[in-house]
Amino acid sequence: MFKLYILIPSLTLLISIPIIFFLAPSILPQRQITISIPDELDDLSLFHKAITADSTFLKKKPSKNSNKLPSNKFRLGSTTIHRPKIAFLYLTNSNLHFEPLWNNFFNTSDPHLYNIYIHADPTVKITPPKGVFTDRFIHSKRTQRSSPTLISATRRLLAHALLDDPDNAYFALISQHCIPLHSFNYFYNFLLDTQKLSRKMEFPSYIEILNESSSLLDRYNARGENVMEPEVSFDQFRVGSQFFVITRKHSLMVIKDSKLWRKFKKPCVKIESCYPEEHYFPTLLSMEDPNGCKGYTLTRVNWTDSVDGHPHTYHPLEVSPELIYKLRESNSTNSYMFARKFSPDCLKPLMEMADSVIFKD
């Protein structure tokens, strides 16, 4: 009997250990990733190269011996200019579920009008994408929700795109759960119409910038009360969508910044209020160049029944032509160009209406 009293607690303990180990990630608060000094120095080196290269690009003059125009040039009236490109920046920690749909999006366009860059979390096994996405990965580092690593990943994407091609004029940040709502040509003409180019007008960035939210104060104090002072006062703190379409000018502002980054890279003490990537970019650009930003995003998100900070996820039974038309509708004069969040099994019904609905503008 005495042995039984000893045996039962021992068995209970042995059984409990794997159960606790299995349930711990969902019970205990997630440990926030910190950005190491080597990673920080590595990024700073990349940013410096991109900034230096951009200055060099501006100083370069065409060769006197070169009469042939590159394929990415075109003529407006009597003036020959570089035809600008759009850099698509994919930020992911899983497979690019909608790769076939995006391949169709790009395959109907001139390949000299875009570039693709993918930042994939190196700790996650990802199936190598095909088509136009082949060999588009940049040197990436680990990312985690509710941590400044998502800001770092986006800045890294911007720096690689700036360094890679001086003709990258716009930078569109996309998630693996995003789908296009229009054809590439429609999107390109919207951003870079020839009338604006011929008049050399300054192009705006499309990034959501909001100064009102019921949770704004909690988010401002996520790193500790008044920790953001004096660099960012509460009156200057903004919230917006993580996904945006910004100009080269604003992309350079982002990678040149060090003042705000010193605050936003601090780990949060209130994880439930910590969404750094939704604040850093709108706050920085609002402080640096508010008139150069439209203040709204081109990516449609449905927050009506959000769960744990995640927006509504669309499933196959919801996918229809009517949904695409509805997702395009915007309160601004412009249509939405992208939408999220879609479950991976939505690919089949989306592909079935790609040519007849999505890319038929």
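The model is predicted, and every value given here was computed from it.

**The largest cavity**

- The largest cavity holds about 40 Å³ of space, and the residues that line it are Glu 40, Asp 43, Leu 44, Phe 47, Ser 152, Arg 155 and Trp 261.
- Two elements, helix H2 (37-59) and H4, each give two or more residues to the lining of this cavity, and H2 gives the most, with 4 residues.
- Sorted by class, the lining of the largest cavity has 3 nonpolar residues, 1 polar residue and 3 charged residues.

**The second largest cavity**

- The volume of the second largest cavity is about 30 Å³, and its lining is made up of Tyr 90, Leu 96, Phe 98, Glu 99, Trp 102, Phe 133, Ser 175 and Gln 176.
- Sorted by class, the lining of the second largest cavity has 5 nonpolar, 2 polar and 1 charged residues.

**The disulfide and other cysteines**

- The disulfide is formed by Cys 268 and Cys 274, whose sulfur atoms lie 2.0 Å apart.
- Because the torsion about the S-S bond of Cys 268 and Cys 274 is about 60°, this disulfide is right-handed.
- Cys 268 has a relative accessibility of 10% and therefore counts as buried, the cut-off for buried being under 20%, and Cys 274, at 1% relative accessibility, counts as buried as well.
- Two further cysteines can be described in these terms: Cys 178 is buried, with a relative accessible area of 0%, and Cys 346 is buried, with a relative accessible area of 0%.

- The side chain of Thr 123 makes a polar contact, at 2.6 Å, with the side chain of Asp 121.
- Although Thr 123 and Asn 93 are 30 residues apart along the chain, their C-alpha atoms are separated by 8.5 Å.

Terms used
Residues numbered from 1 in each chain as written. Predicted model: local features only at pLDDT ≥ 70, side-chain atom pairs only at ≥ 80, totals over all residues. Heavy atoms only, no water. Polar contact = N/O pair within 3.5 Å; in protein donor to acceptor, adjacent residues only side chain to side chain. 1 Å grid on protein atoms, 1.4 Å probe; cavity = no way out; pocket = protein on both sides within 12 Å on 5 of 7 lines; lining within 4 Å. Points joined across faces, edges and corners; volume = space filled by probe spheres on them. Nonpolar A, V, L, I, M, F, W, Y, C, P; charged D, E, K, R; others polar. Disulfide = S-S within 2.5 Å. Buried < 20%, exposed > 50% of the residue type's maximum accessible area, 1.4 Å probe, protein only.
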